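Please keep the display open while going through them.

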Amino acid sequence: MAYSIKINGKTHNVDVDGDTPLLWVLRDVLGMTGTKFGCGIAQCGACTVHVDGAATRSCVTPVESLNGSAITTIEAIGGTAAGAKVQKAWLDREVVQCGYCQSGQIMAAAALLAANPKPTDSDIDDAMSGNICRCGTYGRIREAIKQAAQPATQSKGG
Amino acid sequence: MTDLSRRHLLRAGAAAGGGLLLSFSLPFGSQAATAFAPNAYVRVGEDGSIVLTMPYVEMGQGTYTAIPMLIAEELEVGLGQVKLEHAPPDEKTYGNPLLAGVQATGGSTAIMASWQPLRQAGAVARALLVAAAAKRWNVEPAACRAEKGEVVHPPTGRRLKYGAVAADAARLPVPKDVPLKDPKDFKLIGTPAKRLDAPAKVNGTAVYGIDVRPRGVTIATLTQSPVFGGKLKSVDDTAAKAVKGVRQIVRLDDCVAVVADHMGAAKKGLAALKIEWDDGPHARLATADVARELEQATLNAGPVAENIGDAAKALESAATKVEATYQVPFLAHATMEPMNCTVHVAKDHCEVWVGTQVAARAQAAAAKVTGLPLEKVVLHNHLIGGGFGRRLEVDGVTRAVQIAQKVDGPVKVVWTREEDIQHDMYRPYWFDRLSAGLDETGKPVAWNHRFAGSSVIARWLPPGFNNGLDPDSIEGAAKFIYGLPNKRVEYLRVEPPGIPTAFWRSVGPSHTIFVVESFMDELAAAAKQDPVAYRLALLDKTPRTKAVLTLAAEKAGWGEALPAGIGRGVSVQNVFGSHLAQVAEVEVAKDGTVRVRRVVAAIDCGIVINPDTVRAQIESATIFGISAALYGEITLKDGRVEQSNFDTYRVLRLDEAPKIEVHIVQSGDVPGGMGEPGTSAIVPAIANAIFAATGKRLRKMPIDSELLKRPA
């Protein structure tokens, strides 16, 4: 049947079975390929998107469960304050290697910072350990999140 | 190391679009120097654009940044001015000289292979551009210089952009010898350059093979015979066909694929299939069978990889004898991007979209399945979401083309993670038998090492397998870093039935270094000597190796006291042309759980191109190796791979990742490889640290926590 899904502020109508995971609607039906497929069972986090701001594994999120929730993907996360800071920190710290998992990592980190602007190491462990990186960029991810959590340098007028 | 500088040939000619085309030949191992064929191209357009056709593919290792740095350095352009293109499949042009001319990205070879020829290409291009400008100004070229994409004539202050003289430069004779820069004048090489591929990878716009969407593409997923070598007996697809979005079921001899509008429907359709398989001859195969066969093989002598002195005799008369056997498991690659390949088979041509480490082989695989001539197969290479050797194989291309032959229009074949893990081509299982003799002072006077396992080279590059030996299987075991008076190394090629093998990050040394560095630790323990001091005493003939070991030990605080349950372990190696020592600090909990707390690495990889990439690769390869040491194991039961996804094939996660410190030794030597050394080095460092912490020697990977449990 047809579902109306709000993604990055825009409403899309898709005609798929209700149990179709959001991931495939994004990637194959709507062509938004920034969100990645890694495992299909919520073990790796490559498919992480935000559902009403919460980091969510889209590979196990049926479209019928969305009920009008607002979805944000990597394509639009730069439009949020936390997302923009995370992306900048990722570049400053040279986090990426193959880069395939990084959409999911950035989405997880952006959700963390939006909810918890000053995460401790333990908070970072909790928020990020569901996201696998086979290139092993974990150390840099941690540093980048800490950088993104710093208040932006204030320009002092004069 | 081959002398790379001697054999390059350069030529310039008018590029199709105007401007200067400079092509240069990488020095093939298999091609004569007189083969004047170019094999990589620098294009300087009249618009000033500089395009480099990349013979190597980016899979995370930073090659899309380091390779352009080599050219930009000599060409005197900013890194930001260089644009990159994937090389088309063309083995003659883009063959990797260090991989016998195969067009391949692997073996940590890209910088080693490109170090001279790519700088030379940049230097010659610069010289031609300078000459063209000088001619226009009617001045001596020597009075001009190049900087930031312009030719400058300092006495008059005149300037011309490269683009403005590119067409003229293309008509000039190519200078024979253009001196390369003195390393002390490097502006780019050796500085931490930003990765050129990073921006697209943080905003979701980077296009991996799995992301391509040719017009009208359908999505297929597949299931292959769960036992290698099995066949499809029957399939009931009634329920699958009823799934909304499913278009077609494709049957092959040993595989069924479901073609659908999207992967969700394809997976749902796949789950609804009722399939019967004929398991074939390997229906009962278990890992223990493979291990037993390898163990048996090592009871007999094998082809001799190295023989120094008389190790058997020296062992007999040694004061102390040490014997051990070691085993390492099959391992999956588990790249984050699951296997995928998109193919459009038309009547008289075929188009393939894939991320591959071997573009020419991928093209040839498609040609073979379709029967089309090579030139009718168009291959589009893409960013790879993790290679680690998996994309040196083209089984996924073959499979996708077989499916696409039965589908109208382009089809993207995407493997589920379960299929990806259960139909990988695995790092071989190896079994090792060692014995050593020590003299009264504890010094090793005899070293015998015999091992059995699959030779990936024998299949992947048959000419590389000679007299029962191949250079990859024995690297790190034969001709290793230590000076020993009597040494014998034998390798027996034994191919396991019913499970395919392939290269895996750090390839042969992923096995040999674990064994050699663990056994060396055993000898130090038998001699009751410090593991670092024991090794240093054997490294007089390899000063660069000795220096990294000394540095790593110093930075790690080797010898300083640690709390109970925590130990330090060391390893040192010279493989892939780089010298690396690692010290791992490991905690063993009462329940046997192992945690790597800290890793200190000291690396001498020769001249460093991009120091941040060197650090990143050590970090990356170390984490990759820790995953293998702690969790990595593919096992077979009833011919089936028992692991299926990241829940059963675990890899390291962020909360388990240690602090990794990388210390780079300044060096003027030719660059070595960096993508793989960290993986082979860390595994024995961890095992040795466990020994230091618990007194227990683990000779079989992965670590079995049961063996490390302490009474409560």
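1. Chain B is divided by the domain assignment into domain 1 (5-199), domain 2 (209-280 + 339-414) and domain 3 (288-330 + 426-708), such bounds coming from an automatic or database domain assignment. This is a predicted model, in which local features need pLDDT of at least 70 and side-chain atom pairs count only at pLDDT 80 or more, while totals for chains, interfaces and linings use all residues. Residues are numbered from 1 along each chain as its sequence is written, and chains are lettered from A and ligands numbered from 1 in the order in which they are written.

2. The centres of domain 2 of chain B and domain 3 of chain B, taken over C-alpha atoms, are separated by 37 Å. Nine residues of domain 2 of chain B are in contact with nine residues of domain 3 of chain B, where contact means that the C-beta atoms of two residues, placed from the backbone, lie within 7 Å. On the domain 2 side of chain B that touches domain 3 of chain B there are five nonpolar, two polar and two charged residues; here Ala, Val, Leu, Ile, Met, Phe, Trp, Tyr, Cys and Pro count as nonpolar, Asp, Glu, Lys and Arg as charged, and the others, Gly among them, as polar.

3. An open sheet of chain B is formed by three strands in the order β6-β7-β8, with antiparallel pairing; helices (H or I, at least four residues) and strands (E, at least two) are DSSP runs numbered from the N terminus, and two strands pair if DSSP finds at least two bridges between them. The edge strands, each pairing on one side only, are β6 (145-147) and β8 (158-161) of chain B. Strand β7 (residues 150-153) of chain B is joined to β8(B) by four bridges, and His153(B) stands opposite Arg158(B) in β8(B).

4. Strands β11 (residues 246-252) and β12 (residues 255-260) of chain B pair in the antiparallel sense over six bridges, and a hairpin of two residues joins β11(B) to β12(B). The bridge partner of Ile249(B) in β12(B) is Val258(B).

5. In chain A, the assignment gives domain 1 (2-76) and domain 2 (77-149), whose C-alpha centres lie 20 Å apart. Between the chains, 45 residues of chain A are in contact with 50 residues of chain B. Helix α6(A) provides the largest share of the chain A side, four residues, and that side divides into 22 nonpolar, 16 polar and seven charged residues.
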